[in-house]
Amino acid sequence: MKKTLLLTIALLLSVTLFSQSVGTIVKETFDSDEMPEGWKITGNNSQNWSVSKSNFCGGEPNEMMLSWQPTFYNGFTRLTSPMLDLTGVDSILVTFRHYVDIYTTYPSKIGIATSSSNGMKWDKAYEETFYADGQHHISKVIANDDMGKDKVMVALFYEGNSGNLNAIYFDDVEITTIENINAKIASLDIPNSIDAGNTNITFSLQNIGSEKITSFEAKYEIDGITYSQTFETEIAFIETKQFTFDQNVALIPGNYEVKIDIVSVNGEEDIDISNNTLAKEINVALGSVQRIPMIEHFSSSTCSYCVGVDNSMTTLTNNNPGKYTYVKYPLNFPAPGDPYNTQECNAKKEYYGVSAAPRVVIDGTNLGASSVSQYQLDESYNSSAYVNIKGAFNIEEKTINVKADIMSYIDLKNVKLFVCVNEKTTTGNVGTNGLTEFHHVMMKMLDDVNGKDIEMKAGEYQHYEFSYNMGSTFVEDMNDLEVAVWVQDIVTSDVFNSSFLYEYTEHTYPAQNLTMTENDDNITIAWEAPEKGEPTAYNLYFNNELVLNNTKEMSFNTTTTEDFYMAEVVALYDDKTSVGIIKTSATEEEIIDTTNVISNYENRFNIYPNPVKDELTITTEVRVEEIAIYDVYGRRTNVYSLQSTDFVHNLNVAGLNSGIYFVRITTEDGEIVKRFVKN
């Protein structure tokens with residue numbers, strides 16, 4: 001998802017002047033593909049700056065990039081804000097993210113400067129020298145002679161020789177006045193995709209006010225459930241701390257919005273409420289599978305700096321068979337570049353904002369010129385993945401035939417499927433750096449380097465086929481190929497999962513026509529053999545637990561009292577497996593006929609408390625004719641016929657079992673469905 005500005009700033013276009021306000025004055029995330037309005041490059045070397053689609057700084061794409069080329073010496077270049085009216089302001093807080101990508105060990109100087117003379121004179125307010133690659137989050141108080149003026153520019157600057165750099169990236173620039181009390185939700189620390197079950201609501205709070213924060217009240221809202229809590233703490237100026245609400249939330253698979261609000265700080269209303277609310281969408285998964293880390297390595301046989309990383313990566317992969325997927329892109333620099341460089345390699349280089357070799361990316365995160373460490377590989381491998389990838393390829397003369405299956409345990413929108421044919425070992429692209437062989441070298445992207453657009457619902461299975469004559473590529477040995485497949489968010493670069501496909505064999509087709517038949521708490525699960533292929537056996541999972549292992553049976557009976565349940569069948573082919581096929585219990589639409597539900601009624605109804613123990617209160621703005629409560633199987637448990645014109649209805653739900661329920665409210669104008677939890 002693209003980043004969005006959380007604060008709308010009034011820009012007076014005629015004079016490019018931001019009015020002084022209490023709290024946040026500027027919040028710029030460089031989301032646009034072009035330089036934001038009012039921002040400009042001052043000093044020298046404006047041609048070195050551009051908007052990059054990368055996220056080296058640790059935020060989200062996009063970000064500003066200062067490239068080393070064209071080379072300049074003893075230069076001074078600035079990324080400059082619009083004019084700010086700081087009348088009456090004696091100090092400001094400037095925060096930003098940056099990533100330094102060093103080419104040599106010579107120092108690079110980065111800092112903040114201000115000007116109240118339209119750039120005729122600049123005052124350095126902060127500077128720091130960096131000697132190595134790294135990601136940094138800077139927060140600095142500025143209280144110089146430019147404060148209090150009505151036309152002030154704030155700039156992030158670089159000073160030095162650009163030849164010492166590969167690039168520097170800047171993102172998430174914020175400028176705020178310094179008030180006594182000002183708390184900012186720095187982040188909502190719940191992953192975008194999570195396992196079902198009890199979920200902790202965790203967030204980080206930063207104190208950007210001069211007074212120490214000793215307590216604050218926060219509340220969260222998710223799926224109609226609201227919970228408030230007062231946190232006792234000590235947070236100094238500019239300090240950030242992480243907090244978790246005492247009450248977690250039991251979530252079944254689906255999509256949810258989590259919203260957090262800061263209600264009060266030190267017993268008072270926060271003076272700047274613009275940064276007191278943060279929301280994000282999370283996806284609760286049907287299940288999870290083994291994550292296979294996706295490594296993308298940019299290198300060149302003419303690059304002397306690449307030798308150490310190549311050797312380190314060879315050692316790492318030799319020590320971790322089966323724990324990675326790998327593609328190496330030969331680059332066209334330093335000149336004359338790797339003989340196996342292609343336009344597809346260059347396109348991937350542009351996508352990741354790679355400006356030099358070597359560069360290593362794992363799961364979409366750029367590690368710079370460092371190889372993947374054992375710790376980083378293990379950390380990725382041991383984390384959950386919510387997309388399963390299986391497939392196989394075979395060869396007919398010089399044509400490769402690829403079949404790949406994707407099963408997603410979460411909803412996927414606006415993502416890409418990448419399929420890359422590599423040669424495992426090459427020797428024909430030897431260059432000038434002394435290496436005599438190279439591994440996992442990219443030969444062809446199928447269908448093309450831009451990937452294939454896919455969109456999937458949780459539990460959906462999709463099948464893809466590709467063929468390509470490899471005679472036009474740099475392939476040295478048709479018996480030495482591998483196919484890497486991965487699914488990636490093309491905007492954030494996050495990789496959902498990856499896999500090498502089974503080699504030189506037939507495809508492992510999944511089972512089909514999985515059904516679940518319910519009779520009270522008894523569930524009958526049945527499935528059919530694949531339309532193609534001959535599995536040797538099946539594995540059956542119920543609620544993500546293996547209940548039949550290596551069975552030739554094709555049905556199973558079980559019981560459950562769970563509100564939500566699912567079955568998954570995996571076809572086995574000796575030492576190979578298919579993706580699973582999934583069937584879940586009824587969705588909300590299947591539980592309740594939503595044909596007559598009017599979506600714009602949502603803000604005219606309120607139900608509380610949620611979760612509820614004994615009495616559920618429903619308030620409305622229209623007269624209610626009937627209220628019906630359904631369990632997760634679609635069975636009506638309670639019906640209330642309401643003849644009065646009251647707009648507040650108290651319902652006794654003490655007799656309901658604990659679990660998730662749906663309330664259908666029928667009015668004279670339409671219907672609304674809400675979900676609640678009974679404790």
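This is a predicted model: local features need pLDDT of at least 70, side-chain atom pairs count only at pLDDT 80 or more; totals for chains, interfaces and linings use all residues.
Figure 1. Strands β39 and β40 run antiparallel and are joined by 6 bridges. They belong to an open sheet of 3 strands, arranged in the order β39-β40-β43 with antiparallel pairing. The edge strands of this sheet are β39, which covers residues 512–519, and β43, which covers residues 555–559, and each of these pairs on one side only. From one strand to the next, the twist averages 15°.

**Figure 2. The protein chain as a whole, as a setting for the close-up views.** The secondary structure of the protein chain comes to 4 helices and 52 strands. A compact globule with 679 residues would have a radius of gyration near 26 Å, and the value for the protein chain, 29 Å, agrees with this. Taken along the principal axes, the box filled by the C-alpha atoms is roughly 80 × 75 × 40 Å. Of the 679 residues in the protein chain, 54% are buried. When contacts between residues at least 6 apart in sequence are considered, 71% of them join residues that are at least 24 apart.

**Figure 3. The aromatic pair of Phe 203 and Phe 231.** A pair of aromatic rings is described by the distance of the centres and the angle of the planes. A search of the whole structure finds 30 aromatic pairs. In the pair shown here, the ring centres of Phe 203 and Phe 231 are 5.8 Å apart and the ring planes stand at 80°, so the pair is edge-to-face. This pair links distant parts of the chain, since Phe 203 lies in strand β18 (residues 202–207) and Phe 231 lies in strand β20 (residues 225–235), 28 residues apart. Phe 203 and Phe 231 are both buried. Ring pairs also link these two residues with Phe 216, Tyr 220, Tyr 227, Phe 243 and Phe 245 into a cluster.

**Figure 4. The aromatic pair of Trp 527 and Tyr 538.** The rings of Trp 527 and Tyr 538 have centres 5.9 Å apart and planes at 70°, so this pair, too, is edge-to-face. Trp 527 lies in strand β40 (residues 522–528) and Tyr 538 in strand β41 (residues 537–542), so the pair ties together parts of the chain that are 11 residues apart in sequence. Both Trp 527 and Tyr 538 are buried.

Figure 5. In one view, Lys 323 lies over the face of Tyr 381, at 4.8 Å from the ring centre. In the other view, Lys 348 lies over the face of Phe 418, and here the distance from the ring centre is 4.2 Å.

**Figure 6. Two cis peptide bonds in loops.** Most residues other than glycine have a negative phi, and most peptide bonds are trans. A cis peptide bond, with omega at about 10°, joins Ala 335 and Pro 336. Pro 336 has its place in the loop between strand β27 (325–330) and helix α2 (343–352). Another cis peptide bond joins Leu 446 and Asp 447, with omega at about -15°. Asp 447 is placed in the loop between strand β34 (438–446) and strand β35 (452–456).

**Figure 7. Two residues with a positive phi.** Although Asn 118 is not a glycine, its phi is positive, at about 55°. This residue lies in the loop between β10 (108–115) and β11 (123–130), and Asn 118 is exposed, with a relative accessible area of 53%, because a value over 50% counts as exposed. Glu 397 is likewise a residue other than glycine with a positive phi, near 55°. The loop that holds Glu 397 runs between β31 (387–396) and β32 (399–408), and at 77% relative accessibility Glu 397 counts as exposed.

**Figure 8. The surroundings of Thr 666.** Thr 666 is found in strand β51, which covers residues 659–667. At 15% relative accessibility, Thr 666 counts as buried, because the cut-off for buried residues is under 20%. When residues up to four places away in sequence are not counted, Thr 666 touches Val 624, Glu 625, Glu 626 and Glu 671.

Key:
Residues are numbered from 1 along each chain as its sequence is written. Side-chain values use heavy atoms; hydrogens and water are left out. Rings of Phe, Tyr and Trp (its six-membered ring) pair if their centres lie within 6.5 Å; planes under 30 degrees apart count as stacked, over 60 as edge-to-face and the rest as tilted. Buried means under 20% relative accessible area, exposed over 50%, partly exposed in between (1.4 Å probe, protein chains only). A charge sits over a ring if NZ of Lys or CZ of Arg is within 6 Å of the ring centre and within 35 degrees of the ring normal. Two strands pair if DSSP finds at least two bridges between them. Axes are lines fitted to C-alpha atoms, for helices over the stretch in contact, and angles run from 0 to 180 degrees between N-to-C directions. The radius of gyration is taken over C-alpha atoms; the globule rule is 2.2 Å times the number of residues to the power 0.38. Contact means heavy atoms within 4.5 Å.
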